[in-house]
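This report concerns the pocket, the surface and the charged contacts of one protein model. The structure is shown below for reference.

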Amino acid sequence: PTHAARLWLRTEMDFTAETALLSYSEDGRRFTPLGGTVPLVYDWRTGTFQGVQFALSCFHPGSGGGVLDVDRFTLSR
């Protein structure tokens, strides 16, 4: 749980190791891993990466509802 007003989310994909690491930051500089590595699935017939699909969602169990506001996505190599 976090009480930060903003969160940065990052996915680092290593196609050689066929894994990804998900992490978050409250300041945009120091990232904390979310669980372990995630396998990147390759198609067994062609050997090509088929694209793991990540999603962001908002769940609030209380009666007040919830909000997810995504300001931007940045892709880099």
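**Largest pocket**

The model is a predicted one. Its largest pocket holds about 1,800 Å³ of space. The lining of this pocket comprises 34 residues, and Leu7, Trp8, Leu9, Leu56 and Arg72 are those nearest the pocket centre. By class, 22 of the lining residues are nonpolar, seven are polar and five are charged. Two strands, β1 (8–14) and β2 (19–25), each contribute at least two residues to the lining. Strand β1 makes the greatest contribution, with five residues.

**Nonpolar surface patch**

A nonpolar patch on the surface is formed by Leu7, Leu9, Leu34, Leu56, Leu68, Val70 and Phe73. Together these residues present about 680 Å² of accessible area. Leu7, Leu9 and Leu56 belong to this patch, and Leu7, Leu9 and Leu56 are also among the residues that lie nearest the centre of the largest pocket. Leu9 is located in strand β1. Is Leu9 buried or exposed? Leu9 counts as exposed because its relative accessibility is 52%, and the cut-off for exposed is over 50%.

**The loop between β1 and β2**

Glu18 is found in the loop that lies between β1 and β2. Although Glu18 is not a glycine, it has a positive phi of about 60 degrees. Glu18 counts as partly exposed, because its relative accessibility is 40%.

**Salt bridges**

How many salt bridges does a search of the whole structure find? The search finds two, and they are set out in the table with the distance between nitrogen and oxygen.

| Salt bridge | N to O distance |
|---|---|
| Arg10 and Glu12 | 3.6 Å |
| Arg30 and Asp27 | 3.1 Å |

In the salt bridge between Arg10 and Glu12, the value refers to the closest N and O atoms. Arg10 has a relative accessibility of 34% and therefore counts as partly exposed. Glu12, with a relative accessible area of 40%, is likewise partly exposed.

The salt bridge between Arg30 and Asp27 joins their side chains. Arg30 counts as exposed because its relative accessibility is 64%. Asp27, in contrast, has a relative accessibility of 18%, and it counts as buried because the cut-off for that class is under 20%.

Terms used: Residues numbered from 1 in each chain as written. Predicted model: local features only at pLDDT ≥ 70, side-chain atom pairs only at ≥ 80, totals over all residues. Heavy atoms only, no water. 1 Å grid on protein atoms, 1.4 Å probe; cavity = no way out; pocket = protein on both sides within 12 Å on 5 of 7 lines; lining within 4 Å. Points joined across faces, edges and corners; volume = space filled by probe spheres on them. Helix = DSSP H or I, 4+ residues; strand = E, 2+ residues; numbered from the N terminus. Nonpolar A, V, L, I, M, F, W, Y, C, P; charged D, E, K, R; others polar. Patch = residues over 30% accessible without salt bridge, like charges linked within 9 Å, V, L, I, M, F, W, Y side chains within 5 Å. Areas by Shrake-Rupley, 256 points an atom, 1.4 Å probe, with all protein chains shown as cover. Salt bridge = Lys/Arg side-chain N within 4 Å of Asp/Glu carboxyl O. Buried < 20%, exposed > 50% of the residue type's maximum accessible area, 1.4 Å probe, protein only.
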